[in-house]
Each structure stands twice: as C-alpha cells, then as structure tokens.
Amino acid sequence: MPSAIELHAINKRFGEVHANKDVNLTVERGTIHGIVGENGAGKSTLMSILYGFYEADSGEIRVNGKSVSIRSPNDAIFAGIGMVHQHFMLVEPLTVVENVMLGAEGGTMLRGGEAKVRAELARLAHDYGLEIDPDAIVGELSVGLQQRVEILKALYRGADILILDEPTAVLTPAEADALFKLLRALRAQGKTVVLITHKLREIMAVTDRVSVMRRGEMVATVETKDTSPPELAELMVGRHVLLHVEKSEREPGAPLLEVDNLSVIDNRGVLRVANVSLTVRAGEIVGIAGVAGNGQSELLETLAGMRQPVLGTIKFEGREIGFAEHNPHGMRKLGLLHVPEDRLRMGLVSAFPAFESAALGFTDDPRLGPGPLLDHDRMIADLSSKMEAYDVRPRAPRLKSSKFSGGNQQKIVLAREIERNPKVLLVGQPTRGVDIGAIEFIHRRLIALRDAGVGILLVSVELDEIMNLSDRILTMCGGQITGERKASETDEQDLGLLMAGVTEQAA
Ligand SMILES: Nc1ncnc2c1ncn2[C@@H]1O[C@H](COP(=O)(O)OP(=O)(O)OP(=O)(O)O)[C@@H](O)[C@H]1O
C-alpha cells in the first residue's frame, strides 16, 4: 500500500532563512505521526507547504503514491488533506452547520445543502464520537468544541489526512484527552494524522512514529515505542536537556504583593474572581494551578492593572494601591511586571519590527534613548543581547514581528518583561508554545530571579510546570482559591482534586 504522504527534498527559503532544507518525510496510512522540533525548526513551514499556504522552492509531494501539485488549500483539500489551525478559521457569529457548509464545495455556501450537512454531521458524530449541537453559535462554544468544529469541517470536506498544529496549546487537560481519543478513533477508521506538538508526553501517548526537525532539517524518524522523552529532547536540541530544573530550598523574605478579598467581574457582568486573598513574598514562587477559565487570567490581569476589581485591596510593599495608580503603567512603575498569557494578542504588534515590539511598554526606559525620542541603535542593541540570551532565531532584531515562528515570538515578549529588574513578576503560561530547550532556560531564569529576591506569581495550566517551579501552590476553581499547599507536600492527584473544587471542608 502506498504511503499517505511522501515529501522528497523539500526546500523553502524566506530571504536569508532556509526554513526547510532538503526535507524528506514519509507518513504511513492509518498512523498518527508526530513532528517535533525546536522553535523555528521549520515544522509549520513544512505543513504549510503540504497544505498549500506556501509553495516549496523545490521538492516533490506525493499523496497516496501519486505526485501532486499543491498550490493552494483548495488543492490540498482536493488531495484529501485537511488542516486544523492553531488559530481557528471559523466565523464566530454563525452556527456549526453554517460553518461546516461555508467554504465547502469550492468556497460557496450551497443553499439546500443544509439537510445533507446535518445528516453528514450526525454520521460523523456517530462514527467518531464527535457530538456537537449543529445549531450552536460557534462563538459561544468552548475552545475545545470550536476545535471539534474545525475537525468536522475537514472531515466533511473528505479529508483522509489530517494535520494538527499544536492542537492542545489551547485545550484543558480533559479536552486534550478527548482530542486524543478522537485521533485514535480516526486512526482506527484508516485515517492518517500528522501532529505537531512541543509536549513530549503527548507524543509518547498518542503517536506511532515521530519525526524530529532541527534548524530546517529532518534529523530523525523513530518508532515511538522505541524512544523516550530524553532521547527526543536530545535529538531536537542537539544536547542533553534537563526536563526538571533543580532548585534549592529558600526562606522567603518580606511580603511584596498582598491581595485581600479581591473580587472581579468581567465585561459581561459575570463574577470571575471571588474573594481571593493571597501573598507573594520576596524570593518565592507562588503557583496558581487550575483548569483554564477558572478566574486565573482575570486575577492576573487585575493585579497587572488591566482590570479594576469590584471589591478588595491590593498592597505593594506594604502600601495600598490607589485607584489612580492601578493601571498597567502605574503598576509597571512600581516594579510589578507582567508576562501576559495571550502574548500574541497582547504581547507584540505583528507589523512592527521586533526591536519595536520588544520596547512596548518600556518606551520611557533611559536605556532605550536619552531624550524624548527613542534611539533605534540602542533598541536594536538591547534586543540583540536578549536574542542571544534567549536563543531567539533568527537573530534579526529588524525582522517584522510576525515573521518569527510562534515560539520565538513568545521568547521575545518573555525577555522583554523578565529582563527589566522586576520586584514582582506576574507570569501567565510562560512556556506555552516554546520548545523544551527554551523551557529549561526559562525555568532556570525564573528560579534565578526568585533566588535574587523577586516575588513571582505564576499561572500555568501545566501542572508539571507548577510543581517544578513553585514554592507554594494555590489552586483555583470557579474564581475561588480552593486550597494551598507547599510544593514539597503535594502531588498531582491532590492538586487535581482541589482544582476540581473538592475542598477540605467538602471532603
Ligand atoms: N512568512 C515568513 N517570512 C519570513 N520568515 C519566516 C516566515 N515564516 C516562517 N519564517 C521563518 O522560518 C523559520 C521556520 O519557522 P516555522 O514557523 O516553520 O517554525 P516552527 O518549527 O513551526 O516553530 P514554532 O515551534 O516556534 O512554531 C523561522 O526561522 C521563521 O522565522
């Protein structure tokens, strides 16, 4: 039987960057094939070539043994390839059925086809356990269900081969489990899945084979059962990577950030943070564990001055923050810096050169220009040294922000906030989308800051990360703090119960 996909000697350059160098890849039918590699290794580029977003400079694509020319996503769909994007391409005000119809059959919405779509959705729901309300408004669905709509859309268009680019970055653990169950069901029906992810745990759990890219080249393809996370990490990065960073015991110092009875209501009038009290002291990392959407984001945004609480007080170094100071600029001036969770939306401006994105929020920093004007040379020098430290690739401070790979964009924003001598650092999902080599580096940096006396409030949906970094862990559920543990005195199961709202009293 011919392979589902064969890529031969694919090359793609973007100016100076040779994003794909003579890449070969074979994906067998009816398998789940993982692709891993450092940020900027060329994974998304390769998949974009397969899906017709980019055209390769040279090389050959074979699908089911036949050489094909894929010049656009329509060609890819015609060849039986579907793609689930990291940022969904759905029309939010429309229903599930309307979204599935849209773009099918050559880009037009067919009248009278609705009954057919409904019948087909019902069949797919039955075959793959893909239950969904066909009349739900897409914008009102959870992220996990929106992703399901994307998958349904691809299957409806006859996809036999499904490409998923970091599909779990936006999912809760339960949603990720549901997705993997679905991928296995697709495989059982003979479909082929290509999965890009940075999470080696996922690779081990769900793939049959895994290919490793490094600096534009395909360096290895191995059977998943014959490999291990440390081996994959080493193949990706070319050196040994510490998957768990060591930290020493340390007595925390004085309280820096004291939050008392804070409550926050969102734009729609829903109570998102309910009576939260917490303290972050100098030289400690306080982790907030919780399933995404339980108020952690709103808490972080409020502490950063981006939202106003309806009740409660915030003290910084013992002094209560007044209304006039409680805004991002005011908080930053006090020494409270913030690495936002959604870095692509709040972190940088796609059209700006990287060195300008890297100065956002710090344009009054004397290091970036002595007078009222910013000095481009200084800004460029400032970012160059950070690019070196954080291994941002390519090391091109003048390149447009949008031209960096996702993980490298994250590193630029992280470096901007972390390297400004904060007293308190609020950090949301610090390693989302970044590769394991960079995770090791970022974890070391955060621990070094803590050892230097910075107080860190860490929000992450990755329990491993929370447990590895935190001195103290708070769990959040439904906007409330449901428990507090010393990191050394808890485990995943214990935290999992607290995150689900099973508190001491309730138990
Ligand atoms: N449109 C573009 N213009 C210029 N350079 C680009 C463009 N798209 C990608 N690149 C460059 O090509 C290289 C490969 O990027 P790609 O997005 O394929 O990496 P990746 O392996 O998917 O990384 P990540 O894990 O960070 O998402 C990077 O150096 C990136 O900066």
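**Notes for a first look at this model**

1. Let's start with A9. With 13 C-beta neighbours inside 10 Å, A9 counts as partly exposed, because a residue needs 20 or more to be buried and 12 or fewer to be exposed. Keep in mind while reading that this is a predicted model. A9 lies in strand 1, which covers residues 5-14.

2. Who sits around A9? If you skip the neighbours within four places in sequence, A9 is in contact with D22, N24, S58, G59 and E60. Take E60 from that list: A9 and E60 are 51 residues apart along the chain, yet their C-alpha atoms are separated by 6.8 Å.

3. Four strands make up an open sheet in the order 2-1-4-5, and the pairing is antiparallel. Strand 2 and strand 5 (66-68) stand at the edges with a single partner strand each, so one side of each has no neighbour in the sheet. From one strand to the next, the twist averages 30 degrees.

4. Strand 1 and strand 2 run antiparallel and are joined by 7 bridges. Along that pairing, I10 stands opposite V23, and F14 stands opposite V17. Helix 1 packs on this sheet and touches strand 1, strand 2 and strand 4 (58-63); the direction of helix 1 makes about 115 degrees with that of strand 1. As for strand 1 and strand 4, their antiparallel pairing runs over 5 bridges, and E6 stands opposite R62 in strand 4.

5. Two other residues with positive phi deserve a glance. Most residues other than glycine have a negative phi. D22 is not a glycine, but its phi is near 45 degrees. D22 lies in strand 2 and counts as partly exposed, with 14 C-beta neighbours inside 10 Å. E317, also not a glycine, has a positive phi of about 50 degrees. You'll find E317 in the loop between strand 14 (311-316) and strand 15 (319-320); with 15 C-beta neighbours inside 10 Å, E317 counts as partly exposed.

6. There is a cis peptide bond to check, too. Most peptide bonds are trans. The one joining R393 and P394 is cis, with omega about -10 degrees. P394 has its place in the loop between helix 14 (376-390) and helix 15.

7. On to the ligand. Which residues come nearest to the ligand? Of the 19 residues around it, the answer is F14, N39, S44, S405 and G407. By class, the shell has 6 nonpolar, 10 polar and 3 charged residues. Strand 2 (17-27), helix 1 (43-50) and helix 15 (406-418) each supply at least two residues of this shell. In domain terms, domain 1 (5-237) and domain 3 (342-420) each give the shell at least three residues.

8. For the overall layout, the chain is divided into domain 1 (5-237), domain 2 (253-335 + 421-507) and domain 3 (342-420). The C-alpha centres of domain 2 and domain 3 lie 25 Å apart. Their contact takes 14 residues from domain 2 and 10 residues from domain 3. On the domain 2 side, the largest share, 5 residues, comes from helix 16 (residues 436-451). By class, that side of domain 2 has 8 nonpolar, 2 polar and 4 charged residues.

9. Last, a residue from another strand. Is V193 buried or exposed? V193 has 24 C-beta neighbours inside 10 Å and therefore counts as buried. V193 lies in strand 8 (residues 192-196). Leaving aside neighbours within four places in sequence, V193 is in contact with I32, H33, L162, L164, L183, L186 and R187.

How values were computed. Residues are numbered from 1 along each chain as its sequence is written. This is a predicted model: local features need pLDDT of at least 70, side-chain atom pairs count only at pLDDT 80 or more; totals for chains, interfaces and linings use all residues. A residue is near a molecule or strand if its C-beta atom, placed from the backbone, lies within 6 Å of it. Ala, Val, Leu, Ile, Met, Phe, Trp, Tyr, Cys and Pro count as nonpolar, Asp, Glu, Lys and Arg as charged, and the others, Gly among them, as polar. Domain bounds come from an automatic or database domain assignment. Two residues are in contact if their C-beta atoms, placed from the backbone, lie within 7 Å. Two strands pair if DSSP finds at least two bridges between them. Axes are lines fitted to C-alpha atoms, for helices over the stretch in contact, and angles run from 0 to 180 degrees between N-to-C directions.
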